[in-house]
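Trainee: Please pick one part of this structure and take me through it closely. I am new to it.

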Amino acid sequence: MSRLTRKIITSVLTLSLLLHAGALGLASASPLLPEVEQEVIVVYKNDDGKETVYSESVDIHHEFDIIPAVAATVTSTDLYSLVSDPNIERVERNIKFRITGGDFKTTSVPSEQSQWNFQAVQPTIMWDTGHTGSGIKVAVIDSGIAPHPELTIAGGISTVDYTSDYTDDNGHGTHVAGIIAAKSNNSGMVGIAPNVDLYAVKSMDQTGEGSLQDVLEGLEWSIQNNMDIINLSLGTDTHSQLLKDMVDRAYAQGIVIVGSAGNSQTTEDNNGNIIHVPLSTYTINYPAKYDSVIAVAAVDAHQARGDFSSVGNEVEIAAPGVDVVSSYLNNGYAISSGTSQAAPHISGMIALLKQQDPGLTNVQLREEIRKYAIDLGQPGRDIEFGYGSATFNRSLDQTAPENITNLHVTGKTDSTISLAWTNPINSDFASNNIYANHVQIGSTAGQSFTLTQLQPNTSYEISIKSTDWSGNEAAGQTITVATLDTPDTTAPAEVSDLAVSATASTYVQLSWTNPLDPDFSKVYLYRDGDKVDATTGTTYKFDGLTPDTSYHFVVKTVDLTGNISSGLGITASTQAADSENPAEPGGNEFPVVDTTPPAEVTQLALERATSSSLQVRWTLPTDPDFAKVKLYINNNFIADTTAASYNFTGLLADKTYQITVKTVDNHGNISSGATLTARTLAAPVVNVPSTPPASGGGSGGSSGPSGGVIQVPVNQTPAPTGNTAQVGEQGEAEQGTSNLAQEAKDSLDQARTSQSVRDFVQAKIAIQGLSDAELRQEFEQQLERLKEELRIQDLPAKKELRSTLPVRISLQVAMKSANYKYIDPASLKPGANIFVLNSKGESLEDAVG
């Protein structure tokens, strides 16, 4: 099939009806057929096409401005030439339109607001807020508008061919106009938006009929004159691409287009009997059937669909359309029924909403009007009522929407719970209220929500309750969910005693001691920055190395949560290859192991003493494989260092200590150690408050810890007391006291640098030993800021513990916990904040001593 043939067959114009030829014979339609004149609208592609229309037409009726089309009368021969011309886009018949209203019966009006349709919509709710439609331009494309005391016409146009006057000579347009804009003057009836700027566009004749050309001209005029709303209470059963293009263009320009759905759900037989068309047969008219038009159905005073009101998926909303009284010809009033009467109610309501919020686009206004629909028929949008019957009186709606469905958990952490669900399909559904333990915490119109700032390991009862635009709230769906425990983010302790246990030309073997952390899992092994392997053991052989080459090895500990330590490193070299008797491939090499410890340090001496510290110095050995020294006090390991001095802090006043310094080489060999005995100075008596400052937590702080950690009161540790004593080579106690401030500063600087809890404790003890209260307070404030930075928290008092929280905190676990990195010994008060709870949360007496 050629492109031209395909184009002609799929054209909107059914040429077979015009040329009296079958559908398959369109392409061979011959100019020899009898000449028949007919009205068409020709869409051209370019100026050549436009010229062809003028030259091949009997008469030109109208040239459109905003679409490339010409309305013309053509013969069969002309038509054949036009559809065969490549410069012509398509040709459409000038199809007929009819108004979508019923018969009119003249009547009187008892009082201005007495009509049921007015009371159903209740526009006075909007009037009371000052919104009567003022400044909103509404075009009624209909049979015109007749002069009437109730109506003020701002302007208009006639597009019919027999008159240039837009005065109504049928009555339908005047009736539609009164529903929208009849004045509020305490007489007759009143419209929904009495102060709109009303424009009469006469496109229907005295019989209530018009043509596609007339309607297109009316739409074009409305676009060119910047109407806000177009009311189309008319329709046709025939699709027109030109009509669709024109209403789509108006919609794209921001105009709200309201159309009557149609009166085709009933028909008459030959005897005049009413026949009801099944609801399974959809009868929506054009242009209401197009997406850019709001299709309006009709309801009666009992909110039932008018029998005649067309049904279909395109129905968007319903409004009064049965026995509606409005203005009519000869300054009178009439009663009529039809979707023609329903559509202007929606046009008037949208005019009020437009005035209320001028910034709303036509798309947003279309969504806004749905909020004023009371759901009728099937829940949600349906083929009879769309989203429901429109009214400004939301109090009429007493029915809550359906509950959400499929409520489920999509994720959770120690502080969040994420949920998802399916919203109800009710047309007036507005949003969902979110409740946690019966307290509303938020709302959303979406289908998911995340609750935040929750407590870890805590159960929550969460309810989702849907609401409608009238404020009705559904019973809701409920789910109980518990948050996760606080995640462990603390890495395990490092391995200790890392040493080279064997070397050869192609391998290095390491050994170490794993940490005692209860959640220790394994170690990761690295060579020159690259991860090589993992093991749970305490030795590892790095194979495949290059002879006589230095390597740096790192061992990092890993816990069950996956936290990884910084790691300990050691440097070792492979043996040189034996050039006289190299190892055979696959053979064994015997490791040469260094088992000789390095020499001891020399000149070990006390350099300075205070009431809480001892600073010692020494001279390091000159062994080429010397690595570091291990420091012990009273046989307890304190630290490793490569320096030639160390300050032991956090000691008790007026107490003798044995300090041992052991040297270590690259192979892990440890010397016996050099020993020094020294005594701390006695500290002056310092009066320290036994109760915490009002701010709680540590000493001297004025602000709570960062990151959401709650500080609780503790008992502070009093400074140690004792008698004055001489230590080592130091002078009198006064000389030691003068060094206290420097000692406190050094300890605090060390804690800031290392960011370690151990150094924090030593700094705390040193600061508490200061006799100068003002200086001590200054240091305590600095210490408190460091405490917040390290996220250190004291043990809570009994009254601040929940009875449901089991207390099982050993010193080792507490020191590793993110919540209890430091335990002040003075804060441990059996029976006050250290106690045992049974399974019921009851305190057991004498359980802690």
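Mentor: Look at the second largest cavity, whose lining consists of Glu112, Gln115, Asn117, Phe118, Ile179, Met189, Val190, Ile192 and Val325. A cavity here is a set of points, on a 1 Å grid over the protein atoms alone, where a 1.4 Å probe fits but cannot get out, and lining residues have an atom within 4 Å of a point. The model is predicted, with local features needing pLDDT of at least 70 and side-chain atom pairs pLDDT 80 or more, while totals for chains, interfaces and linings use all residues. Residues are numbered from 1 along each chain as its sequence is written, and side-chain values use heavy atoms, without hydrogens and water.

The second largest cavity holds about 50 Å³ of space (the volume filled by probe spheres set on grid points joined across faces, edges and corners). The structure has seven cavities of 30 Å³ or more. Six nonpolar residues, two polar and one charged make up the lining of the second largest cavity (nonpolar: Ala, Val, Leu, Ile, Met, Phe, Trp, Tyr, Cys, Pro; charged: Asp, Glu, Lys, Arg; polar: the others, including Gly).

From the lining, follow Ile179. Ile179 belongs to helix 7 and, with His172, His175, Val176 and Ile180, takes part in the contact with helix 10 (heavy atoms within 4.5 Å; helices are DSSP runs of H or I, at least four residues, numbered from the N terminus). On the helix 10 side are Ser340, Gln341, Pro344, His345, Ser347 and Gly348. This contact counts four nonpolar, seven polar and no charged residues.

Key: Helix = DSSP H or I, 4+ residues; strand = E, 2+ residues; numbered from the N terminus. 1 Å grid on protein atoms, 1.4 Å probe; cavity = no way out; pocket = protein on both sides within 12 Å on 5 of 7 lines; lining within 4 Å.
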